[in-house]
Amino acid sequence: MSKTALITGATSGFGAATARRFASAGWKVIVTGRRAERLQPLVDEFGSGTVHAAVFDIRDSAAMQAALAALPAGFRDIDLLVNNAGLAQGTAAAQHASLDDWRTMIDTNITALVTLTHALLPKLIERRGAIINISSTAAIYPYPGGNAYGGTKAFVSQFSLGLRSDLHGTGVRVTAIEPGMAETEFTLVRTHGNQAASDQLYKGADPMTAADIAEQVFWVATLPPHLNINRLELMPVSQSFAGFQVARQA
Ligand code: NDP
Ligand code: 8X3
């Protein structure tokens with residue numbers, strides 16, 4: 001019997017690559033996102049018995065519940081939830097940042113993630129399933145302009161550990177994957193559509209790819225059921241750490 005994964009944010013980047021990775025390996029995959037035209041090719045590529053597209057804004061909890069209620073019979077036994085949908089908005093220092101941007105990140109990266117997780121926990125417990133939450137190195141390492149984004153990802157990582165505690169004895173596995181720089185539409189979205197800024201960030205950096213992350217998600221999900229990866233932090237070799245900054249008196 002093939003297993004079923006629900007992967008949020010599968011219209012682009014990590015989510016699209018992860019959906020392809022699991023569908024290629026024979027899993028049934030529920031893919032979500034707002035851009036229906038980006039999900040349909042996955043259905044066309046693998047067939048409607050393998051990929052089911054659920055189009056909704058993840059911040060709309062009524063739409064989320066409706067999409068879950070409308071899952072076709074063959075897609076209801078979810079074994080794996082990949083909470084991937086998310087975004088950064090803006091790079092300004094906190095004192096110059098847009099409150100709307102902060103709220104969008106919190107609504108998407110935190111509120112939607114916990115809402116979907118809460119809805120699927122009974123099924124995941126019944127199936128002795130798994131939850132893989134896409135966090136970020138920004139959860140652990142602060143940087144100028146990371147403010148609310150880093151805060152949302154710190155929540156995702158700590159929530160993952162808390163879930164591990166609460167799900168003790170259920171057999172449900174929980175992992176936070178914390179990637180560093182990977183080239184996707186992430187920076188295009190963060191800069192509100194500035195392709196030049198996105199190109200500049202990744203130019204010559206040999207960043208990770210969406211396929212790199214998909215491979216880690218697949219590896220974590222297919223480990224023997226007695227093994228749990230709690231946190232998985234990864235970066236491109238080109239990325240590392242810098243020292244603390246010091247503001248000096250003149
Ligand atoms: P992309 O921008 O390429 O993909 C983001 C995905 O999230 C899209 O499928 C998008 O779908 C979905 N999404 C965003 N907002 C909503 C919404 N309101 N409703 C439904 N879906 C939504 O970025 P990545 O693939 O890079 O990002 C995936 C995850 O990885 C994010 O959580 C991000 O924070 C995290 N991450 C990314 C890193 C990177 O360097 N790229 C590093 C570390 C973590 P749509 O717009 O169609 O709705
Ligand atoms: C994305 C990685 O460093 O741009 O989560 O915040 S970073």
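A cavity here is a set of points, on a 1 Å grid over the protein atoms alone, where a 1.4 Å probe fits but cannot get out, and lining residues have an atom within 4 Å of a point. Grid points are joined across faces, edges and corners, and a volume is the space filled by probe spheres set on the points.

This is a predicted model, so to speak: local features need pLDDT of at least 70, side-chain atom pairs count only at pLDDT 80 or more, and totals for chains, interfaces and linings use all residues. Residues are numbered from 1 along each chain as its sequence is written, chains are lettered from A and ligands numbered from 1 in the order in which they are written, and side-chain values use heavy atoms, with hydrogens and water left out.

**View 1. The second largest cavity has a volume of about 30 Å³.** Its lining is made by Thr8, Ile58, Asn83, Asn84, Ala85, Thr108, Ala112 and Leu113. Helix H4 (residues 99-126) gives the most, with 3 residues; helices (H or I, at least four residues) and strands (E, at least two) are DSSP runs, numbered from the N terminus. Sorted by class, this lining has 4 nonpolar residues, 4 polar and no charged. For the sorting, Ala, Val, Leu, Ile, Met, Phe, Trp, Tyr, Cys and Pro count as nonpolar, Asp, Glu, Lys and Arg as charged, and the others, Gly among them, as polar.

**View 2. The largest cavity holds about 60 Å³ of space.** Strand S5 (130-134), strand S6 (173-179) and helix H8 (210-221) each give two or more residues to its lining. Look for Ile131, Val174 and Leu227, which are among the lining residues. Count up the classes and you get 9 nonpolar, 2 polar and 1 charged.

**View 3. Ligand 1 sits among 30 residues.** A residue is in this shell if one of its heavy atoms lies within 4 Å of the ligand. The closest are Thr11, Ser12, Arg34, Tyr149 and Thr184. Zoom in on the polar contacts (pairs of N or O atoms within 3.5 Å): Arg34 puts a polar side-chain atom 2.6 Å from an oxygen atom of ligand 1, and Tyr149 also has a polar side-chain atom 2.6 Å from an oxygen atom of this ligand. Helix H1 (13-24), helix H5 (147-166) and helix H6 (186-190) each give two or more residues to the shell.

**View 4. Ligand 2 has Ser136, Ala138, Tyr143, Tyr149, Phe186 and Arg190 around it.** Here's Tyr149 again, with a polar side-chain atom 2.6 Å from an oxygen atom of ligand 2. Ser136 has a polar side-chain atom 2.6 Å from an oxygen atom of the ligand, and for Tyr143 an N or O atom in the side chain lies 2.6 Å from a ligand oxygen atom. On its own, ligand 2 exposes 240 Å², of which the protein buries 80%. The shell splits into 4 nonpolar, 1 polar and 1 charged residues.

Conventions:
1 Å grid on protein atoms, 1.4 Å probe; cavity = no way out; pocket = protein on both sides within 12 Å on 5 of 7 lines; lining within 4 Å. Polar contact = N/O pair within 3.5 Å; in protein donor to acceptor, adjacent residues only side chain to side chain. Areas by Shrake-Rupley, 256 points an atom, 1.4 Å probe, with all protein chains shown as cover.
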